[in-house]
Amino acid sequence: MASLELRDLIWVGIVAVGHAFQLEQAAAIVGSLRRKNGIPPPTMDGPPEFIRALRAQQNNLEFSVTFEIALWTSGVFCHQAPAAMLGVLYLYARHKYTKGYIEDAPKRVPPFWLSMYALRGLAGLSIAGLIHAGLREYAGVNLVTMARERIF
Amino acid sequence: MASLELRDLIWVGIVAVGHAFQLEQAAAIVGSLRRKNGIPPPTMDGPPEFIRALRAQQNNLEFSVTFEIALWTSGVFCHQAPAAMLGVLYLYARHKYTKGYIEDAPKRVPPFWLSMYALRGLAGLSIAGLIHAGLREYAGVNLVTMARERIF
Amino acid sequence: MASLELRDLIWVGIVAVGHAFQLEQAAAIVGSLRRKNGIPPPTMDGPPEFIRALRAQQNNLEFSVTFEIALWTSGVFCHQAPAAMLGVLYLYARHKYTKGYIEDAPKRVPPFWLSMYALRGLAGLSIAGLIHAGLREYAGVNLVTMARERIF
């Protein structure tokens, strides 16, 4: 079975760094709303816009570990190309989510579900990749080779 | 020294994906209690059951990064078999923790400590694995070979 | 292109485990302030010192995913030595941040910015490493070899 190659992680690495920047940007938005409204930490209360920005940031964080797990396991065990594409879709959806939520709470809903579809796609790739790797390692069955032989 | 092999990460990958699903499930429980009690985001206040579900989810998140670090470093530098077993124990304890906490606050305590024991076990494996890798790389000492030669 | 070697991840692994311990320590400080002030979970209100400890822990968590991404991508795609050094600087800054914040809110500011400089340094290494890996893989351009040939 193959060893992990740096070349197979480049696109997933780029998406992960983009995710890190996005998480920091959400923190920066909260910080700038703190300054604008004169709400020094550790105060967590303020005008509705500030509360919504806090909740948007918190929700991004709640899903950040799940996203990183799904991104890397799908990139490593399945393939980086679809993993990175779904990762970019997730980041786009989260960008719309944060922007929409700060404007008005209901605007968070459609991009939230888009981000969940991207996440479920990544989870599907992860599970498919892990099943393939497990069958290859422990049962000597190579699903990819079998599929190719049937098709070509 | 060895390169990282995909086959040595399968079980740890499966546990990580299980962890991702567990984190999402806790978010889904909070979401369903929001709908049941009519508490739309960004509101964070509600009946005691809702508050306890929020806190359970938050505590799972607080430990999620620590768990992922301990899981992967122990799996990579020590061995995936004990890492994955302790990982499953952690996920079981966190499942009981979330369920118990939502029922009644004191019910969170025994599974919390079980999850901490699993986490400490993983941290121990990580440290042992890193010491082994460090001595092998920088001092030319192979603790595993030495142990084998003494025993056999 | 090279496969991922365990030896190239040792120092980054050590810093990651140190980070995991630091996150747990912040949780333990909040727990001990809960006991000292008689604030059982799920209560989130209490004296100012307790609120500041909660916020310090929360801020550490907010940046934990960003830090882990930056640490591992810089260690994997650039080099573990500068990544681990900036990682230690980050952990030192976060230690001062947590301690300072619990004493008095303004004391959190200088170590917060130090932690941000360390994080930006890591992000810079990540991006440099990813550009290098991408050019090498997709354009056949090796920036490191080119730089050496110009210099020596």
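**Exercise 1: a buried pair**

B:E62 and B:R55 are both buried (under 20% relative accessible area, where exposed means over 50% and partly exposed lies in between, with a 1.4 Å probe and protein chains only). The model is predicted: local features need pLDDT of at least 70, side-chain atom pairs count only at pLDDT 80 or more, and totals for chains, interfaces and linings use all residues. Residues are numbered from 1 along each chain as its sequence is written, chains are lettered from A and ligands numbered from 1 in the order in which they are written, and side-chain values use heavy atoms, without hydrogens and water.

Task: Determine what the side chains of B:E62 and B:R55 meet in.

Solution: The N to O distance is 3.8 Å, and the contact is a salt bridge. The criterion is a side-chain nitrogen of Lys or Arg within 4 Å of a carboxyl oxygen of Asp or Glu.

**Exercise 2: a pair in chain A**

Task: Classify the exposure of A:E103 and of A:K107, and state how far apart their closest N and O atoms are.

Solution: Step 1. A:E103 has a relative accessible area of 45% and is therefore partly exposed. Step 2. A:K107, at 45% relative accessibility, is likewise partly exposed. Step 3. The closest N and O atoms of this salt bridge are 2.8 Å apart.

**Exercise 3: the whole structure**

Task: State how many salt bridges a search of the whole structure finds.

Solution: Over all chains, the search finds 12 salt bridges.
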